[in-house]
Amino acid sequence: MKSEKQTNQEGIVNPADAKINNGDISKDKIDSDFGPVIFTYTRTQALEDGQLVDISKLAREAGFKFPVAITCGVHELLHDIAQPGQSFGGRVWDMLMVLRYEIKKSNASDTIYFAPLFNAKAHKQPLEYKLWAKCHAGDNFEPVITVMLINED
């Protein structure tokens, strides 16, 4: 007689043989073509850990419909307010306006490269900072946007 969950010689559960709960495969073991999932790190965890910073409230005011988060690197860039007339909120707003312009100009891509200008501590003229934004699935497969420095992923 076969058990409810059949395992192969490596001990991996075959999803086809897994017990079905409410139409979903049992979540105690998830397999894919690449093998079992070893580790996951959710967007919620990244926000709680401070690896991402939620700017959704200001983004909604700027016309964004999806939640927006920035990486620590972008957050640090936006907090460089040593120059007179600079504020975190103002720099976020400027970044969002440039991003929104580039989104409207794009051909429905999920990845946008853009470069807002910001005053920097050691420079008299504003500098172009290369950023990119990705619209992707959040923890519950809802659309979310993450803004990163060009060398971050």
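**Reading rings and pockets**

Guide: In this predicted model, tryptophan 132 has a relative accessible area of 14%, and because buried means under 20%, tryptophan 132 counts as buried.

Visitor: Is tyrosine 113 buried or exposed by that reading?

Guide: The relative accessibility of tyrosine 113 is 54%, and since exposed means over 50%, tyrosine 113 is counted as exposed.

Visitor: How should I read a pair of aromatic rings, and how many such pairs does the whole structure hold?

Guide: In general, two values describe a pair of aromatic rings, namely the distance of the centres and the angle of the planes. Here, a search through the whole structure turns up two aromatic pairs. In one of them, tyrosine 113 and tryptophan 132 have ring centres 6.1 Å apart and planes at 20°, and because planes under 30 degrees apart count as stacked, this pair is stacked. The pair joins distant parts of the chain, with tyrosine 113 in strand E5 (residues 111–114) and tryptophan 132 in strand E8, 19 residues apart.

Visitor: What angle do the planes of phenylalanine 118 and tyrosine 129 make, and why is that pair called tilted?

Guide: The ring centres of phenylalanine 118 and tyrosine 129 lie 6.1 Å apart with the planes at 45°, so the pair is tilted. This pair also links distant parts of the chain, since phenylalanine 118 belongs to strand E6 (residues 117–118) while tyrosine 129 sits in the loop between strand E7 (127–128) and E8, eleven residues apart. Phenylalanine 118 is buried, at 2% relative accessibility.

Visitor: How do the residues of the lining of the largest pocket divide into nonpolar, polar and charged?

Guide: Nine of the lining residues of the largest pocket are nonpolar, three are polar and five are charged.

Visitor: Which residues are closest to the centre of the second largest pocket?

Guide: The second largest pocket has a volume of about 240 Å³. It is lined by 13 residues, of which Tyr41, Arg43, Leu52, His136 and Thr146 are the closest to its centre. Two or more residues of this lining come from each of E8 and strand E9 (143–149), and the lining as a whole divides into four nonpolar, five polar and four charged residues.

Visitor: Where is threonine 146 found, and what does its side chain make a polar contact with?

Guide: Threonine 146 lies in strand E9, and its relative accessible area of 6% makes it buried. The side chain of threonine 146 makes a polar contact of 2.6 Å with the side chain of arginine 43. Neighbours within four places in sequence left aside, the residues in contact with threonine 146 include Leu52, Trp132 and His136.

Visitor: How far apart in space are glycine 50 and cysteine 72?

Guide: From C-alpha to C-alpha, glycine 50 and cysteine 72 are 7.4 Å apart, while in sequence they are 22 residues apart. Glycine 50 lies in the loop between helix H1 (43–49) and strand E3 (52–54), and at 29% relative accessibility glycine 50 counts as partly exposed.

Terms used. Residues numbered from 1 in each chain as written. Predicted model: local features only at pLDDT ≥ 70, side-chain atom pairs only at ≥ 80, totals over all residues. Heavy atoms only, no water. Nonpolar A, V, L, I, M, F, W, Y, C, P; charged D, E, K, R; others polar. 1 Å grid on protein atoms, 1.4 Å probe; cavity = no way out; pocket = protein on both sides within 12 Å on 5 of 7 lines; lining within 4 Å. Points joined across faces, edges and corners; volume = space filled by probe spheres on them. Helix = DSSP H or I, 4+ residues; strand = E, 2+ residues; numbered from the N terminus. Buried < 20%, exposed > 50% of the residue type's maximum accessible area, 1.4 Å probe, protein only. Polar contact = N/O pair within 3.5 Å; in protein donor to acceptor, adjacent residues only side chain to side chain. Contact = heavy atoms within 4.5 Å. Phe/Tyr/Trp six-rings, centres within 6.5 Å; stacked < 30°, edge-to-face > 60°.
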